[in-house]
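Good morning, colleagues. Please look at the sequence and the structure as they come up, and I shall then take you through selected features.

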Amino acid sequence: MPGEVSIDHELVSPQNNKFVLHDSKGFEPGEKDNLQTVRDFIDRRRAMPDLKNQLHAVWLCFEIPRANARLLETGVEQFLTAKREGELGNIPIVVVFTKYDTLLDRVERTMNKSSLKGLSKEAVKELIKKSAEDKIQEVCIAPLEKFAGSDIPHVTVSTNGTHEETLARLIQTTEKLVCEHVGIDASVMTSVAQRVDPGLKIKASIEVGKRKYWKALASSMLFKKRSMWDCLHVLHTDIVNVWNFRDPNDYLCSPEFRTLMTNMVNELDVGPTAEPDKTLSFGLTIVGTIASVMSALSGPAVPIVIPIVASVVIASWVYEVYEQTRPVLQRFMKYIIDLTLVLQTLYLISENQELSRRAIKLAVKSYHSSPMSGEVHNRIQEYDRQLTLWQRADRDSLGQFVELLQSYNISAEEVSDLRANLPAMDLWSNEPWDTAVERS
């Protein structure tokens, strides 16, 4: 990008310090030094030993040009040539075509209005989208592929809030390339930093779990002689960190929230159930339950009462020493999935805002009250019954557990529509964790 900017300066949002960007000057004609500055920066970062200091990907950004405008300046062509010839190493490059919303507006203004007569709003929207995609192919993709070939990934984006799915595609493309060309550790860091795709959060949670504690659950070595409360604390903290919420008060790692989640495992052993042979859609089911919870309140500011104690751990088993038994493994599996799905619910309702206890309580109550929670526990019990003790201890036997967790994933493409169907909610005024206890 043009202007006075140092590529070494880290651009970090105060709302998300895990996502670090470096901006460079553009490759405009007459700016010969800019290309070398970028290449030197890539070389320096590539030589750094710590993964956190290395460059994980390059976004080569272009505003979608008008017809007949040139897409690739000489400096960009030289940069792409250097990449093709291996001079930039294995750093993945994604070409990003920006201001997609502006293109849509331009296409709509210039369309022949007579051709739209009799069409529904959805049909008009699809026609505009198709015309915009044709324009992108003509003025962006075709020139790029003519020069660089078809193996340079490209994504069209808009930062306009109504096109959040385009940012999700950018993140998905980037994460995939980072995993392939940099490594799984870097791709997990990418998934943790982003806040537009809950599916990548679940994927990263699974990867972290596989590496750090799932095998330990089966072997008992890591958790030997430790209380189950302490063991759950390790799992809880790692899963919460992957979701990277705006939680400056650390509500999600508080003893009260950990207590809620621990007691939920006990509560849901006899909780609501769904039809045994029917797998529910997580997104639609949880949105319906959220609407029911909110409509049951007598006013928008009435505290949310959770039918689970938050002030004291009522599950006595958490104070016992961890050991590899069937009931213990089953409880840990339930805790992992319950926590993950509560956090996915919280992601849906919080919309990247700073968390309040009220928002967290709504996520907990909605998951606890939904038929989804009973279905999850039933499926875990059924999965567990099918395994022998030896199979549970086998590090490769967690495949079904992973599939179960992934089956409740909300895709990035669903998020906007699901949020549009949420009721109006005041989630930013705070309230006590355990309303009934603290009022007495």
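Val58 has Ile93 as its bridge partner in β4. Further along, Glu63 is bridged to Thr98, again in β4. Altogether, six bridges join β3 to strand β4, residues 93–98, and the two run parallel. Two strands are taken to pair if DSSP finds at least two bridges between them. Helices (H or I, at least four residues) and strands (E, at least two) are DSSP runs, numbered from the N terminus.

Before continuing, a word on the source. This is a predicted model, in which local features need pLDDT of at least 70 and side-chain atom pairs count only at pLDDT 80 or more, while totals for chains, interfaces and linings use all residues. Residues are numbered from 1 along each chain as its sequence is written, and side-chain values use heavy atoms, with hydrogens and water left out.

Which sheet do these strands belong to? An open sheet of three strands, in the order β3-β4-β5, with parallel pairing. β3 (58–63) and β5 (154–156) stand at the edges with a single partner strand each, so one side of each has no neighbour in the sheet. On average, neighbouring strands of this sheet are turned by 25° against each other, direction ignored.

Buried means under 20% relative accessible area, exposed means over 50%, and partly exposed lies in between, with a 1.4 Å probe and protein chains only. Cys61 has a relative accessible area of 48%, so it counts as partly exposed. Another cysteine, Cys140, is buried, at 0%. The structure holds zero disulfides, a disulfide being a pair of cysteine sulfur atoms within 2.5 Å.

Helix α2, residues 74–84, lies across β3 and β4 and runs at about 150° to β3. Helix α5, residues 164–181, lies across β3, β4 and β5 and runs at about 170° to β4. Axes here are lines fitted to C-alpha atoms, for helices over the stretch in contact, and angles run from 0 to 180 degrees between N-to-C directions. Contact means heavy atoms within 4.5 Å.

Next, the loops. Lys99 lies in the loop between β4 and α3 (100–110), and has a positive phi of about 60° although it is not a glycine. Is Lys99 buried, partly exposed or exposed? Its relative accessibility is 42%, so Lys99 counts as partly exposed. Asn244, in the loop between α8 (228–243) and α9 (255–267), also has a positive phi, near 55°. Asn244 counts as buried because its relative accessibility is 7%.

Buried residues of α10 include Phe282, Ile286, Val293 and Met294.

Finally, the chain as a whole. The protein chain has 17 helices and five strands, and buried residues make up 48% of its 440 residues. Among its contacts between residues at least 6 apart in sequence, 78% join residues at least 24 apart.
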